[in-house]
Amino acid sequence: MSESILITGCSSGIGHHVAHALQTRGYRVFATARNEEDIARLNSEGLETLYLEYADSDSIRSTANHVLEQTDGKLYALFNNGAYGQPGAVEDLSREALTAQFEANFFGWHELTCALLPSMRQQQRGRIIQNSSVLGFAAMAYRGAYNASKFAIEGLTDTLRLELQGSGVHVSLIEPGPIVSKFRDNGYKMFNKYINADKSIHKEAYEGMIRRLTTEGPVAPFTLPPDAVHVKVLHALESKRPKARYYVTKPTWFMGITKRFLSTRQMDRVLMKAGGGGKR
């Protein structure tokens with residue numbers, strides 16, 4: 001393989017694993033991270049690593065320009081992966097909290113994608129892979145900001161896929177359930193930043209949520225390692241007919257199937273039980 005790919009959010013978890021796996025397979029991988037320590041570590045691991053902050057348009061333009069220059073304008077693929085989940089009840093979410101969530105999980109993805117699309121169109125080939133979530137089509141309580149950002153990225157990606165028909169550029173969504181990562185650690189930091197639990201009517205529910213966010217190791221049933229995502233990314237990159245959606249983990253398959261057949265009221269009961277009021 002001699003294709004090139006830009007992967008965001010490579011400091012840990014899915015991005016870190018996929019970047020190394022694809023580099024081992026022969027891809028030229030451009031990895032991104034936000035913190036200087038992570039960038040230095042990833043470079044020491046042999047990954048070609050760039051600074052990228054989704055909330056900063058200058059950073060996005062700089063990253064896009066660099067990878068296009070390094071690939072002579074022929075970057076093959078983009079894997080939008082970097083994101084975080086803002087915990088908290090909807091009525092406790094400030095405009096500021098929602099704005100920050102969408103800057104990281106939606107607006108930045110869109111801007112980076114649009115910066116790279118012209119070169120893919122010119123080549124008449126390319127792959128855009130968006131790392132969504134089971135929460136992109138099945139909302140759970142106390143995850144409203146994250147639910148909203150993933151529902152939004154799914155709608156935008158579906159539209160983009162339609163608009164790119166016949167261009168040679170294929171668009172796919174990855175929809176993981178629970179995957180081993182530092183996702184809960186980052187969520188807990190943002191919970192403390194934006195949510196005043198002591199003054200919330202949801203204080204009791206937050207106590208259970210905090211226990212989940214601060215527990216070491218997997219807490220959700222059927223949690224899989226990042227390799228489960230890598231397998232789907234590889235298919236999206238190399239198949240002649242990549243899928244529009246890739247389910248990852250049993251919870252995603254379960255939610256996808258039950259949503260087709262249950263009423264909204266029945267589905268609400270399933271989602272409330274699955275989410276455990278924020279405890280799971």
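**Note on side-chain contacts in a predicted model**

1. Arg-34 and Glu-53 are joined by a salt bridge in which the closest N and O atoms are 3.3 Å apart, the term meaning a side-chain nitrogen of Lys or Arg within 4 Å of a carboxyl oxygen of Asp or Glu. Because Arg-34 lies in the loop between E2 and H2 and Glu-53 in the loop between strand E3 (48-51) and helix H3 (57-70), the pair ties together parts that are 19 residues apart in sequence. Arg-34 is exposed, with a relative accessible area of 53%, whereas Glu-53 counts as buried at 17%; buried means under 20% relative accessible area, exposed over 50%, and partly exposed in between (1.4 Å probe, protein chains only). Helices (H or I, at least four residues) and strands (E, at least two) are DSSP runs, numbered from the N terminus.

2. On the basis of these values: this is a predicted model, in which local features need pLDDT of at least 70 and side-chain atom pairs count only at pLDDT 80 or more, while totals for chains, interfaces and linings use all residues. Residues are numbered from 1 along each chain as its sequence is written, and side-chain values use heavy atoms, with hydrogens and water left out.

3. The count of salt bridges comes to 11. Among them is the pair of Glu-154 and Arg-245, with the closest N and O atoms 2.9 Å apart; since Glu-154 lies in helix H5 and Arg-245 in strand E7, this pair ties together parts that are 91 residues apart in sequence. Glu-154 counts as buried at 4% relative accessibility, and Arg-245 as partly exposed at 30%. Salt bridges that share partners join Glu-154, Asp-158, Arg-161, Glu-175 and Arg-245 into one network.

4. The largest nonpolar core holds 28 residues, of which Ile-5, Ile-7, Leu-22, Phe-79, Val-233 and Leu-237 touch the most other members; such a core is a set of buried Ala, Val, Leu, Ile, Met, Phe, Trp, Tyr and Cys residues joined through side-chain atoms within 4.5 Å. At least two residues of this core come from each of strand E1 (4-7), helix H1 (13-25), strand E2 (28-33), helix H2 (36-44), strand E4 (77-80), helix H8 (227-238) and strand E7 (245-248), and H8 gives the largest share, 6 residues. Apart from this core lies another, of 24 residues, among them Leu-75, Leu-117, Ile-153 and Val-169.

5. Aromatic pairs number 9, where rings of Phe, Tyr and Trp (its six-membered ring) pair if their centres lie within 6.5 Å, and planes under 30 degrees apart count as stacked, over 60 as edge-to-face and the rest as tilted. Tyr-142 and Tyr-206 have ring centres 6.1 Å apart and planes at 75°, so the pair is edge-to-face. Tyr-142 is in the loop between strand E5 (126-131) and helix H5 (144-163), and Tyr-206 is in helix H7 (residues 203-214), 64 residues apart; both are buried.

6. Tyr-146 and Phe-183 also form an edge-to-face pair, at 5.2 Å centre to centre and 65° between the planes, and this pair links helix H5, which holds Tyr-146, to helix H6 (residues 183-194), which holds Phe-183, across 37 residues. Tyr-146 is buried, with a relative accessible area of 9%, but Phe-183 counts as partly exposed at 34%. Phe-102, Phe-106 and Phe-107 form one aromatic cluster.
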